[in-house]
Each structure stands twice: as C-alpha cells, then as structure tokens.
Amino acid sequence: MKAMRKRHSLLDAIIDAVFSRPDTVAYPFGELQLPEGYRGAIVINPENCTGCGLCVRDCPTGALKLEKKSRDEFKLIHYPARCAYCSQCESSCVRGAIGHSNALVGATDRPRELIVVLKDKKEGED
Ligand code: SF4
Ligand code: SF4
C-alpha cells in the first residue's frame, strides 16, 4: 500500500526556508530594531548623578568606577566589556540617574579599550 504523503514534508520545509525571508537581522547591514526594555548600553542622566557611588558599590562585575577627587569633583566610568547588563546599577540608583539605553553595544577586538566616562564633574559645575 502506498504511504500517504505528509502535508509538511522535509522537502516542503527546505523549500520554505530557501524562499522565505530570514527571521534574523543582517546586522550590521540591516536595520536593527531592538525590543522595548532591551538592556543595551549604559547611559546616564548627568544632571541627576551626585557621585554617591551606590551603583559602583552594587555592580557585581566591577564594571563601574568612581574616581572622586573631592565632594564636588568626580568621574563616573563604565567599562562595557566587564558589564553583564544585569541592570543592578539602575535598581541601586535612588536618583534614577543611570540605566540602560536601547542601543546595541558595539563589538571590538580590544575590549580593554572600551571605556565610557558617564560623568566628569569638575568643581563648580552641576
Ligand atoms: S549614577 Fe546614581 S548611584 Fe551612581 S553615582 Fe550617580 S547618583 Fe549615585
Ligand atoms: S548593568 Fe550590571 S554589570 Fe553593568 S554596570 Fe550595571 S550593575 Fe554593573
């Protein structure tokens, strides 16, 4: 007795795959649309940052550093290559100054050179 042909055979699946559009994005050539809430690059609202260091204290990977010269002079630095994009800094900051953007963090073959100065506050500045 002749076997019944299945509606979705392997051949059908292969033909579908060959002629349908890919579900993935051809990054960096295609337009990348990241979903809302994507934990992308760390950004800061400098006006809200007081240099309290709570985000640095709670960062589990040491991806944040606070260089404090005085109460009025500090630098908050982010090291993207160390960052786990866990969002702890955002949770720790009581002033809502630090958090994720929706932007993809670029790749590099020199991760140690990836340094982002989030805030560089000089004396007398806000
Ligand atoms: S980002 Fe927030 S937690 Fe971090 S130093 Fe600034 S104010 Fe403090
Ligand atoms: S997202 Fe996580 S790992 Fe990255 S800087 Fe914030 S607390 Fe640190």
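Two strands count as paired if DSSP finds at least two bridges between them, and strands themselves (E, at least two residues) are DSSP runs, like helices (H or I, at least four), numbered from the N terminus. With that in hand, here's one pair to look at: Leu66 stands opposite Leu76 in E3. Bear in mind that this is a predicted model, where local features need pLDDT of at least 70, side-chain atom pairs count only at pLDDT 80 or more, and totals for chains, interfaces and linings use all residues. Residues are numbered from 1 along each chain as its sequence is written, while chains are lettered from A and ligands numbered from 1 in the order in which they are written.

**The sheet**

- Three strands make an open sheet in the order E2-E3-E5, with antiparallel pairing.
- E2 and E5 are the edge strands, each pairing on one side only.
- On average, neighbouring strands here are turned by 10° against each other, direction ignored; the axes are lines fitted to C-alpha atoms, and angles run from 0 to 180 degrees between N-to-C directions.
- E2 (residues 64–70) and E3 share six bridges, and the two form a hairpin with two residues between them.
- Glu67 has Lys75 in E3 as its bridge partner.
- On the other pairing, five bridges join E3 to E5 (residues 116–121), and Leu76 stands opposite Lys119 in E5.

**Two faces of E3**

- Which side chains of E3 are buried? Phe74, Leu76 and His78 are, and they point to one face.
- "Buried" takes 20 or more other C-beta atoms within 10 Å of the residue's own, "exposed" 12 or fewer, and "partly exposed" is in between, with C-beta atoms placed from the backbone.

- Most residues other than glycine have a negative phi.
- Tyr85, however, has a positive phi near 55°, and Ser87 has a positive one near 80°.
- Tyr85 counts as partly exposed because it has 15 C-beta neighbours inside 10 Å; Ser87 does so with 13.

**Around ligand 1**

- There are 14 residues around ligand 1, and Cys49, Cys52, Cys55, Cys93 and Ile98 come nearest; being near means a C-beta atom, placed from the backbone, within 6 Å.
- By class, this shell has nine nonpolar, four polar and one charged residues. Ala, Val, Leu, Ile, Met, Phe, Trp, Tyr, Cys and Pro count as nonpolar, Asp, Glu, Lys and Arg as charged, and the others, Gly among them, as polar.
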